[in-house]
Amino acid sequence: MEQFYTIQGEGYNTGRAAYFLRLGGCDVGCVWCDVKESWDADAHPRVAIADMVTAATANAGRNVVITGGEPLMHDLTQLTAALHAAGCQNWIETSGAYPLTGQWDWICVSPKKFKAPLPSVLQQAHELKIIIFNKSDFQWAEQHAALVGEHTRLYLQPEWSKASQMMPLIVDYVKENPRWQVSLQTHKYLDIP
Ligand SMILES: C[S@@+](CC[C@H](N)C(=O)[O-])C[C@H]1O[C@@H](n2cnc3c(N)ncnc32)[C@H](O)[C@@H]1O
Ligand SMILES: Nc1nc2[nH]cc(C(=O)O)c2c(=O)[nH]1
Ligand code: SF4
Ligand SMILES: [Mg+2]
């Protein structure tokens, strides 16, 4: 759908330069999704893998974030192999609703109530990033923290439109439950893509 070189705004790799490949197509249907224009895969032109790799390696950085849309609706075997062959570090942003394909250096799973994540994807997550839209999402966060590996990093990220209401609750929660960390969509504060 789009490609851009920016700073990873969220989660464990916040602040690091990364080339983003945003793949079209998602059927999860989050009411608050901040990229609804990504949902219809047919609304976006197809791009050859070789062209994505060339673009991703044209900058100084070698970190690549594959996001969407829901990137795991595509078989990512060939794209991730080509990026690795070109010396890239492959990071994924996924809801975990589809089986994991491809070779990954960092897996961020952000489970959604609208289409539950697969246990097999949760078990491979380096990072679990729960979006807090209302109070009940803390319970949802704990349910999924019980399904990830023992070394998985745990993040709570406010839903953007509810951030002012949810942030005080997140701060109190993390102070009481310090295995969780705060994640903010820092790119939105920086006004970068
Ligand atoms: C647009 S999604 C694309 C990747 C994948 N479909 C997913 O949901 O993980 C990228 C990240 O943005 C988060 N996100 C989307 N809309 C958001 C919003 N309104 N506020 C906060 N985070 C949001 C998602 O939870 C996910 O972690
Ligand atoms: N800077 C920046 N960081 C991000 N981290 C995850 C994003 C996404 O939409 O997947 C995103 C994004 O859209 N921009
Ligand atoms: S799973 Fe990701 S891309 Fe799909 S609707 Fe939800 S936030 Fe948007
Ligand atoms: Mg985004």
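Helices (H or I, at least four residues) and strands (E, at least two) are runs assigned by DSSP, counted from the N terminus. Keep that in mind as we walk through this predicted model.

Let's start with Pro111. You'll find Pro111 in the loop that links strand 5 (106–109) to helix 3 (119–122). Is Pro111 buried or exposed? A residue counts as buried if 20 or more other C-beta atoms lie within 10 Å of its own. Pro111 is buried because it has 27 C-beta neighbours inside 10 Å. Leaving aside residues up to four places away in sequence, Pro111 touches Ser95, Gly96, Ala116, Pro117 and His144.

Now hop over to Gly69, which sits in the loop between strand 3 (63–68) and helix 2 (77–85). Gly69 has 25 other C-beta atoms within 10 Å, so this residue is buried too. Its contacts, again skipping residues up to four places away in sequence, include Met1, Arg22, Cys26 and Trp39. In an unreviewed UniProt entry, both Gly69 and Pro111 carry the feature "binding site", along with Trp32, Cys33, Asp34, Ser110 and Lys112.

So what about the ligands? Gly69 turns up again around ligand 3, whose surroundings also include Cys26, Cys30, Cys33, Ser95 and Lys112. Sorted by class, that shell has five nonpolar, five polar and two charged residues.

Ligand 1 has 18 residues around it, and Asp34, Glu93, Ser95, Ser110 and Trp160 come nearest. Strand 3, strand 4 (89–94) and strand 6 (127–132) are the elements that each give two or more residues to this shell. How does the shell around ligand 1 divide by class? Six of its residues are nonpolar, seven are polar and five are charged.

Note on methods: Residues numbered from 1 in each chain as written. Chains lettered and ligands numbered in written order. Predicted model: local features only at pLDDT ≥ 70, side-chain atom pairs only at ≥ 80, totals over all residues. Near = placed C-beta within 6 Å. Nonpolar A, V, L, I, M, F, W, Y, C, P; charged D, E, K, R; others polar. UniProt positions renumbered as here; feature names shortened; annotations may be inferred. Buried ≥ 20, exposed ≤ 12 C-beta atoms within 10 Å, placed from the backbone. Contact = placed C-beta atoms within 7 Å.
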